[in-house]
Amino acid sequence: MTRTKVIVVGAGIAGPVLAIFLKTKGYDPILYERLPSPGEGGLSLMLQPNGLRVLSLIPGLVEQIPGHSPDRMIHCSSLDGKEDILVDNDVSPDTMREPFGFPLIGVRRTDFQRLLIDTAEKHGIEIKWGHQATEFEQSENAVEVTFANGIKDTASFVVGCDGLHSNTRIALFGKEKANFTGLVQFGGLSPTPPVLQGKFVNNYGNGRHMVSYPVAEDKHSWAITTREAEIKEDWKAQHVEQQNEIRRGPLSEWGFGAGDLVKTGQNIVKYGLYDRPELKSWFNGRIVLLGDAAHPTSPHLGQGANQAFEDIYHIMRLLKKYNPSAGQPSTELLSQVFIDYQDLRLPRTSELVRGARQQGEARVVEGIDACRVRDEKIRTGSQDDAARMAHYKLSTGPFKESEL
């Protein structure tokens, strides 16, 4: 029997993972990526237990992740020359595994993407680089995709995993206006200073916030959020002189190791943070969106990739439920899969997108009095039962017993 062909648009983080699941469940996925080769964009990500739970369904993958787990998560404040530790929690691998089954793992995005690409290729999945999807023509039982280079390909259905600037999303629903949030981030990778060894740290200051965590035994990734004039969200490294200005600037004096990271930052990037309108639907006919293409989020909860993996688990679970033979599906069957997927995931991810936006606003406040109020909320919030329950629910998703 001929395998059902699926075009997966985007070979960043979600695309290769989805393609591996499709291949192991009897489909014939092919990955198309607009970039000419694996990208150098993005800094790092924190893989959390809910995302790792999904990845663990691919045998041997979690054990190969080239990252590093923190031992402690610290929230600290530097205000008016005074330094204060607000929260200090044990997040060591053993402590995290006890309730959640998995640790936290910080990993450079480029290293993680290379692992996912290698794993996909070992599963016999073809990846076509330098192919930017521009047009999608649907018929009764197939979708023809046209790429910017003139190449065309046809598959039974298409999944858009092409991220924040998704061409698939634009083709389905038009180009929406992205609104600048007033927040700008810049960050880089730095040698780990002794004071930050094994630590996942949130540093709070007047009008600024830094998150930093280990991505290797001797490397920390960090990002600072501030309120500044609007700039593009292109994630490109700053020019040498711009990087030097940041390294020598006032943030290099920040306490709790934050200044040390700024002074030694490598490949510093700077980008604006933007909001996009919430979609009411994630699919049209035989084409569906997944991950950032469906629910782009600001980075303040660190759930972007982890939620994409939850999307993958549920869309695969529903394909198995409605199409157990992995045969050629009708548009009606795909509609049932995509409606169930959307009805489950759209409300959940919308809630998290709003939560991430609120987190960014709450972290970056200006004025000493406002900052003290923020710091006290952080100190007391770590003991809040509702917040703890929400974190537990998030970290134990998306399944207890896999239905794949």
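Trainee: Why does glutamine 64 count as partly exposed?

Mentor: Its relative accessibility is 44%. Buried means under 20% relative accessible area, exposed means over 50%, and partly exposed is what lies in between (1.4 Å probe, protein chains only). With 44%, glutamine 64 therefore counts as partly exposed. Before we go on: this is a predicted model, where local features need pLDDT of at least 70, side-chain atom pairs count only at pLDDT 80 or more, and totals for chains, interfaces and linings use all residues. Residues are numbered from 1 along each chain as its sequence is written, and side-chain values use heavy atoms, with hydrogens and water left out.

Trainee: Where is glutamine 64 placed?

Mentor: In helix H3, residues 61–64. Helices are DSSP runs of H or I with at least four residues, strands are runs of E with at least two, and both are numbered from the N terminus. The chain has twelve helices and 18 strands.

Trainee: What makes glutamate 126 partly exposed?

Mentor: The same test: a relative accessible area of 42% falls in the middle class, so glutamate 126 is partly exposed. You'll find glutamate 126 in strand S7, residues 126–128.

Trainee: Which residues is glutamate 126 in contact with, leaving aside its neighbours within four places in sequence?

Mentor: Ile30 and Leu31. Contact means heavy atoms within 4.5 Å. Glycine 255, 129 residues away along the chain, has its C-alpha 48 Å from that of glutamate 126.

Trainee: Why is glutamate 40 called exposed?

Mentor: Its relative accessibility is 55%, so glutamate 40 passes the mark for exposed. It sits in the loop between strand S2 (28–32) and strand S3 (44–47). Neighbours within four places aside, glutamate 40 is in contact with Thr110 and Arg114.

Trainee: How do you know what span to expect for H5?

Mentor: The expected span is 1.5 Å times one less than the number of residues. H5 (residues 109–122) has 14 residues and an expected 20 Å, and from first C-alpha to last it reaches 20 Å. Just after H5, glycine 124 takes a positive phi of about 80 degrees.

Trainee: How many residues of H9 are buried?

Mentor: 14 of its 19, and H9 is mostly covered. Helix H9 runs over residues 304–322 and reaches 27 Å, close to the 27 Å expected.

Trainee: What makes alanine 326 count as buried?

Mentor: Its 4% relative accessibility is under the 20% mark, so alanine 326 is buried. Alanine 326 is in the loop between H9 and helix H10 (331–363). Its phi is positive, about 60 degrees, although it is not a glycine.

Trainee: What kind of peptide bond joins glycine 397 and proline 398?

Mentor: A cis one, with omega about -5 degrees. Proline 398 lies in the segment after helix H12 (385–395).

Trainee: How do you know what the radius of gyration of the chain agrees with?

Mentor: The radius is taken over C-alpha atoms, and the globule rule is 2.2 Å times the number of residues to the power 0.38. With 404 residues, a compact globule would come out near 22 Å; the chain has 21 Å, so the two agree. Its C-alpha atoms fill a box of roughly 70 × 45 × 35 Å along the principal axes.

Trainee: How many of the residues count as buried, in percent?

Mentor: 53% of the 404 residues.
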